[in-house]
Amino acid sequence: MFDFRDLHTRVVAAPMAGGPSTPSLVVAAERAGGIGQLAAGYRTPEQLSADIQAVRREADLFGVNLFVPEERPIDGAALSDYRRALIPYAEQHGVELPELDDIGADDDYYNEKLALVCAHEVPVVSFTFGCPTPRTIDRLHKAGASVGVTVTTADDALTAADAGADWICVQGPEAGGHRATYTRDIAPPIQPLHDLIRDVRQTVSLPLVASGGIATAEQADAARGLGPVAVQVGTVLLRTTEAGTKPAHAAALADPTRTETVVTRAFSGRAARGLRNTFIDQFNERAVPEYPAVNTLTTGFRRTLSGNPDAINLWAGTGYQHAQVESAVDAVKRLG
Ligand SMILES: Cc1cc2nc3c(=O)[nH]c(=O)nc-3n(C[C@H](O)[C@H](O)[C@H](O)COP(=O)(O)O)c2cc1C
């Protein structure tokens, strides 16, 4: 089974759903001596299968990341309030909001994707937004996978270890994109990454991968120096030539007038860190934690206004100013 200690470069390219994690990015990470992960989130099983096959043609070692589905039902009244708040902005920009009745339960094809990663014998499988059941982890082990779970607290690390995880991705509050809290509505923990690593190390003895705000070789060394076997980086790869980041998002990362990242539920209902923009300023206070329904509700903005950086999510961690236009091979090597 895969062991991080065998990596030449102790760097994991974060799975980044919504476009950035292309098969080319995943292959580049392996070429650099690290490991990359496909983001299964928001992909159909057919798309994920094609992505896995595209990576397989060029790399043996890679991972796939899955979203653990939210079990609690959506609060229809809260969702309806948020929809009402969005209507004027949607009308102003010619975006059609889905009707509430059309926003059904959505598990992001969890079972189909689990079956796929088993059938393809994907060597590394990681999870966010929750902990898979011991049965699921056992099934992945039988298919040969090394199983990782992303955590934001030491308690969650213990749950993952008890469920049979092989490694833990420790995600600090500096991270770009969604926080990996096990439930959607808790306030995302703010314990800084280095403190969190120390707590998790005292709680579980599994290999740790440190993530959140790591964008320079010094930061990567400092995080690994606390014990983790590798670092996982996302934001620093967003402008690389292999990433599938939307052009407006990639440009915003380099825009000197954007000077702040904030955590918001405005786009999906789950807390996530991104560059501050008009959409966040207008809707952060009104947003409700009804993930994934809020994500479905706001899909039209991302589709119709994909070139408008003030209308779309610009996920970014605190180290976003270090994201450069370069090959991901060079970026991963630099952090190794
Ligand atoms: C654009 C973007 C998309 C992300 N999508 C996912 C995802 O699908 N699954 C996941 O586990 N983490 C996802 N993350 C979080 C990363 O795994 C990781 O925690 C984060 O990138 C680390 O912080 P950094 O961005 O400061 O390097 C995403 C991050 C970004 C920036």
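I will start with Ser49, which lies in helix 2, spanning residues 45–56, where helices (H or I, at least four residues) and strands (E, at least two) are DSSP runs numbered from the N terminus. Please keep in mind that this is a predicted model, in which local features need pLDDT of at least 70, side-chain atom pairs count only at pLDDT 80 or more, and totals for chains, interfaces and linings use all residues. Residues are numbered from 1 along each chain as its sequence is written, and side-chain values use heavy atoms, with hydrogens and water left out.

Is Ser49 buried or exposed? Ser49 counts as buried because its relative accessibility is 14%, and buried means under 20% relative accessible area (1.4 Å probe, protein chains only). Apart from neighbours within four places in sequence, Ser49 is in contact with Leu116 and His120, contact meaning heavy atoms within 4.5 Å.

How many bridges join strand 1 to strand 9? There are 3 between strand 1, residues 11–13, and strand 9, residues 230–233, and these two strands run parallel. Within this pairing, Ala13 stands opposite Val233 of strand 9.

Conventions: Buried means under 20% relative accessible area, exposed over 50%, partly exposed in between (1.4 Å probe, protein chains only). Two strands pair if DSSP finds at least two bridges between them.
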